[in-house]
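Dear colleague,

Here is the structure I said I would pass on. My notes follow below it.

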Amino acid sequence: MKKLFFITAVSILLFGACGENKSGADVETAKKEKMAKIFGLTVFELDNGIGPIKEKLNLGPIDSKIVETGRKLFDAKCSQCHKLDERYTGPAQRDLIKRRSPEYIMNMILNPVEMVARHPEAKKMFAQYPTQMPFQNVTQDDARMMLEYFRSLIK
Amino acid sequence: MKKKNFLFVIVPVLLLGAILYNCSNSNNAGNFSDAASKVYVAPGTHDEFYAFMSGGFSGQVSVYGLPSGRLFRVISVFSQNPETGYGYSEESKPMLNTSYGNIPWDDAHHPELSQTDGIPDGRWLFINGNNTPRIARIDLKSFETAEIIEIPNSAGNHGSPFVTENNEYVVAATRFSIPIPQKDVPISSYKENFKGTLSFIRTDPQTGKMSLAFQILVPGFDYDLAHAGKGVSHGWAFFSCYNTEQANTLLEINASQNDKDFVAAVNWKAAEKYLAQGKGKTVSSEYYRNYFDEEKHLAVSEKNSQVTILDPKDCPGLIYYLPTPKSPHGVNIDPTGEYIVAGGKLSTVLPVHSFSKMLKAIENKDFIGEVNGIPILKYESVIAGEVKDPGLGPLHTEFDNNGNAYTSAFLSSEIVKWKLGTWEVLDRIPTYYSIGHLMIPGGDSRKPWGKYVVALNKITKDRYLPTGPELTQSAQLFDITGDKMKLLLDFPTIGEPHYAQAIPANILEKNSKRIYEIEKNKNPFVTKSEKEARVERKGNEIHVYLTTSRSHFKPDNIEGIKVGDKVFFHVTNLEQDWDIPHGFAIKGANNSELLVMPGQTKTIVWNPQKEGIYPFYCTDFCSALHQEMQGYVRVSSSGSNTKLLFN
């Protein structure tokens with residue numbers, strides 16, 4: 001089994017190295033595919049988290065109508081652990097949208113336990129902030145509104 | 001050579017000893033390798049049945065898994081529980097209110113699952129408080145006590161709470177007769193002044209809300225146990241009674257004189273007609289109904305002052321006595337509703353009455369006398385059969401789904417299996433020791449799940465490692481799927497287990513509540529986010545609106561509290577994740593801790609007595625930083641001008 005994995009890994013590497021006119025983006029993709037495989041994830045999951053959001057969102061301009069609801073939800077459900085500008089139980093959140101993809105943010109809100117168990121980035125965070133982020137009994141719509149709030153935090 | 005001789009003697013002696021030892025233990029230490037696989041529930045997997053056992057003198061209900069016998073929850077019902085704050089927190093205190101004040105304890109005997117069409121439905125569990133007569137209703141979504149109703153005009157509420165097919169009524173009976181209404185009379189005037197009552201508590205089909213519909217005034221005997229009719233006998237309820245001698249002292253001897261006592265058969269549909277005709281008398285009686293408002297996380301007490309009483313003298317056909325030997329205890333109705341089995345503690349046979357023969361005897365007026373307007377039916381006209389040699393001291397009977405009955409025999413410590421209809425004893429198996437009730441899942445309903453019978457034993461003696469003078473009580477699980485009953489497992493129980501109920505896990509587990517939604521929390525002292533956490537002073541009352549979240553309190557530094565203040569900690573757990581309760585305890589509190597479930601608010605009062613710094617902390621391990629979940633309260637002298645501060 002180990003041998004097979006080794007051979008596969010080597011052939012992937014060789015294939016990647018020998019490819020003709022390989023563009024930078026292709027190299028990046030191959031690297032990601034390899035990473036994803038190691039963690040047992042799809043490339044989409046590696047970039048966008050594991051959970052109910054399984055494809056890229058079609059985000060328009062910031063919808064100011066839902067920002068306020070998102071803020072209230074954040075205050076009620078998240079603020080006991082997350083502040084905007086300081087480390088608290090969890091990391092500061094003002095720059096969240098710069099650090100994570102929108103889909104990743106929603107999956108982390110909606111599926112935190114599996115994220116921490118399986119996703120390399122979430123695992124890293126758990127090592128730094130040793131409290132398991134809980135699912136806070138929110139709907140996908142709630143998470144979408146909170147995402148809009150996070151988007152509004154960056155001018 | 002001497003050595004050899006010694007061995008020559010000692011080896012046979014040891015062998016003989018070993019053989020004798022094995023023989024003497026053949027009853028209670030047989031080969032259980034086969035049994036082990038039947039009760040083994042692998043780590044991480046679930047039991048097949050939930051079993052609810054009365055906590056007896058602990059006043060609570062315990063929840064076990066079957067067949068493993070694993071205890072996984074104790075539900076606070078009639079007794080304060082400092083582990084959770086039940087009966088100590090401001091929100092829960094009213095649950096224990098009665099017309100005698102706030103009562104911190106009771107003796108809980110008979111759990112009974114609510115039913116739909118005579119089959120346990122897993123919505124609620126009822127249980128009686130024997131000492132200060134009450135009936136509790138437990139919600140089986142939250143596994144919390146939802147309601148407690150006091151039964152007025154009652155003493156020793158033993159014969160309860162047994163349900164009719166659709167919980168139209170929960171029935172209850174007085175074990176101890178008393179003057180009704182209460183009055184100051186010589187005890188020796190028992191026969192003249194003492195009466196019993198049979199109570200019918202209506203439940204709301206949607207909410208389960210209990211209300212006392214009516215009581216029936218009955219002669220002053222000891223009404224012991226009950227079961228409602230089902231199937232053909234739906235519309236009737238049956239109550240056993242002893243002390244028809246009406247003794248008021250040394251009942252052990254004086255109430256064991258008569259050859260036969262009674263099972264009282266009550267036609268509650270006739271009672272409804274008499275009530276509609278206005279035959280009930282309104283009598284003033286003070287009693288409480290306490291219920292838990294799950295949205296407010298708050299118990300509310302309601303005081304009632306009237307009850308409707310029916311007197312059998314004014315209501316012919318309401319109630320009949322079935323003569324039953326001899327000081328009967330349990331009264332159990334088979335799944336069809338036709339057979340009424342009454343276990344006589346001192347009887348050598350187990351009488352089984354026939355419901356259809358009873359109806360015929362009533363029609364033929366086959367009476368041998370009457371007591372206070374209640375006709376006594378002729379024994380020979382109502383008896384369907386007698387089980388011969390049912391063990392010594394037969395008490396209770398449960399049923400399987402194959403037409404068999406199982407009777408517990410207290411004195412001979414055994415379960416006796418017999419056939420309905422032929423009354424033939426099929427099998428008997430010892431229990432260790434002194435079995436009281438027994439229980440088959442659904443075994444008192446129209447649909448028994450007849451896989452196991454559980455013996456609820458009064459005495460354990462040598463069955464467990466000794467623990468000083470007080471030994472554990474215990475239950476024993478038997479396999480009843482074959483012709484022969486087979487002992488599978490002993491397991492200890494809390495308090496004294498009286499009756500129990502069990503239901504397939506798949507009916508309950510899917511409904512189990514995980515959290516209380518914080519948005520729906522309407523507690524008057526809720527704190528819905530850390531931004532609202534605060535401390536307020538109102539005269540010498542301090543209200544701390546405290547939140548918990550892994551792993552901190554907000555606020556966690558409080559100053560400006562003074563000696564003589566009454567401090568209310570209103571603790572809201574902001575978590576919305578399953579299995580993340582937080583605890584709250586403060587040094588020197590005279591009451592208890594709080595255990596607060598996700599989305600819940602609970603309040604504990606603290607009266608600081610001395611100046612100084614008082615730490616508080618989370619008592620329920622919540623995260624890797626649980627040890628960091630702490631705070632401080634500064635208490636200043638009563639005259640100080642320390643400013644009220646919090647962070």
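**Sheet in chain B**

Four strands of chain B make up an open sheet in the order 27-28-29-30, with antiparallel pairing. Strands here are DSSP runs (E, at least two residues), numbered from the N terminus, and two of them pair if DSSP finds at least two bridges between them. The edges are strand 27 (394-399) and strand 30 of chain B, each of which pairs on one side only. From one strand to the next the twist averages 20° (axes are lines fitted to C-alpha atoms, and angles run from 0 to 180 degrees between N-to-C directions).

This is a predicted model: local features need pLDDT of at least 70, side-chain atom pairs count only at pLDDT 80 or more, and totals for chains, interfaces and linings use all residues. Residues are numbered from 1 along each chain as its sequence is written, while chains are lettered from A and ligands numbered from 1 in the order in which they are written.

Strand 27 of chain B pairs with strand 28 (residues 404-409) of chain B in the antiparallel sense over four bridges; B:T397 has B:T407 in strand 28 as its bridge partner.

Five antiparallel bridges link strand 29 (residues 414-419) of chain B to strand 30 (residues 425-430) of chain B. B:K417 stands opposite B:D427 of strand 30.

As for the interface, 20 residues of chain B are in contact with 13 residues of chain A (contact: C-beta atoms, placed from the backbone, within 7 Å).

Regards

Terms used. Contact = placed C-beta atoms within 7 Å.
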